[in-house]
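Visitor: Please take a close look at a single part of this model. I would like one connected account of a ligand site and what lies around it.

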Amino acid sequence: MTNLPNNIDPEKVPAHVAIIMDGNGRWAKARGLDRTEGHVAGVDTVRTIITAASEIGVKYLTLYAFSTENWNRPPEEVRALLHLIVVALERETPDLIKNNVRLNVIGDIDRMPPESYESLRRSLKATSHCTGLQVNLALSYSSRWELVEAARRIASLAASGELDPAEITEQTVSEMLTTASVPDPDLLIRTGGDARVSNFLLWQIAYSELYFTNIFWPAFSADDFFKAVAEYQGRERRFGLTSEQVSQSSESSL
Ligand code: IPE
Ligand code: IPE
Ligand code: MG
């Protein structure tokens, strides 16, 4: 790959990066602006980070845009956020196509108002042929919602005799999640200064590397993203093994 930022090792680019895009409201408040202005500015960061992730060869980018719990925010803010999502999808879809980015949505989108739902469907369809970066937009998503849905589906397959409970494996559960066709995140980034996961991908991040930064989402830049990737690349992922085992297996795979 050409022109990679010089702090990025092309051999160790994370295949899947997940991001909790937090801090829009506080970014706006610090500037004396309405919280909604923070969300507007946050859309520009989404665009920047999609480009940055494509540039270094990330295959999947999962963005937490609106959580199940966010439905409980003041109705004006919920309305503004949902409207903003529609506007952003309409505006950005041509560029997504140009950049070969495929959009996918995870979450309880049946809860979305018709305008948002239709606009999402249009963008999904328009980018379905794209083969580059896959962006998974987590909308009306929470991990506990997803796990409850998975439990329901597994229980109903067991009840109808299509699935033997003794045959249920980790893979069975993974395949029932909204991320069924996507590998687990290698790196989870949260902006905005809080060190928590807020009901995001709880099953899938079992062995993800976590990266927290104080930078508010609207101020998060491509360089900040590359810095997070570079830090990830310096970590040793042991998956429960010893450091010696890990270095032996990476030597034998050379
Ligand atoms: C993240 O920013 C965007 C959403 C949760 C939709 P916030 O709106 O949570 O901003 P803060 O955390 O209050 O600053
Ligand atoms: C997490 O941010 C959800 C999104 C970024 C969409 P929140 O602002 O909702 O999380 P909490 O409330 O600080 O845990
Ligand atoms: Mg927040």
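**The ligand 2 site**

Guide: Strand 2 (residues 60-67) gives the most to the shell around ligand 2, with three residues. Strands here are DSSP runs of E, at least two residues; helices are runs of H or I, at least four residues; both are numbered from the N terminus. This is a predicted model: local features need pLDDT of at least 70, side-chain atom pairs need pLDDT 80 or more, and totals for chains, interfaces and linings use all residues. Residues are numbered from 1 along each chain as its sequence is written, chains are lettered from A and ligands numbered from 1 in the order in which they are written, and side-chain values use heavy atoms, with hydrogens and water left out.

Now the shell itself. Ile20, Met21, Asp22, Tyr64, Ala65, Phe66, Asn70, Arg73, Arg190, Arg196 and Ser198 surround ligand 2. Each has a heavy atom within 4 Å of the ligand. By class, the shell holds five nonpolar, two polar and four charged residues. Nonpolar means Ala, Val, Leu, Ile, Met, Phe, Trp, Tyr, Cys and Pro; charged means Asp, Glu, Lys and Arg; the others, Gly among them, are polar.

Next, the polar contacts (a pair of N or O atoms within 3.5 Å; within protein, one must be able to donate a hydrogen and the other to accept it, and residues adjacent in sequence count only if both atoms are side-chain atoms). The Arg196 side chain places an N or O atom 2.8 Å from an oxygen atom of ligand 2. For Asn70, a polar side-chain atom is 2.9 Å from a ligand 2 oxygen atom. For Arg73, the corresponding distance from a polar side-chain atom to an oxygen atom of ligand 2 is 3.2 Å. Taken alone, ligand 2 exposes 390 Å², and the protein buries 78% of that. These areas come from the Shrake-Rupley method with a 1.4 Å probe; for residues, only the protein chains shown count as cover.

Ligand 1 comes next. The side chain of Asp22 has an N or O atom 2.8 Å from an oxygen atom of ligand 1. Backbone N or O atoms also approach ligand 1 oxygen atoms: Gly25 at 2.9 Å and Asn24 at 3.2 Å. Ligand 1 alone exposes 380 Å², of which the protein buries 88%.
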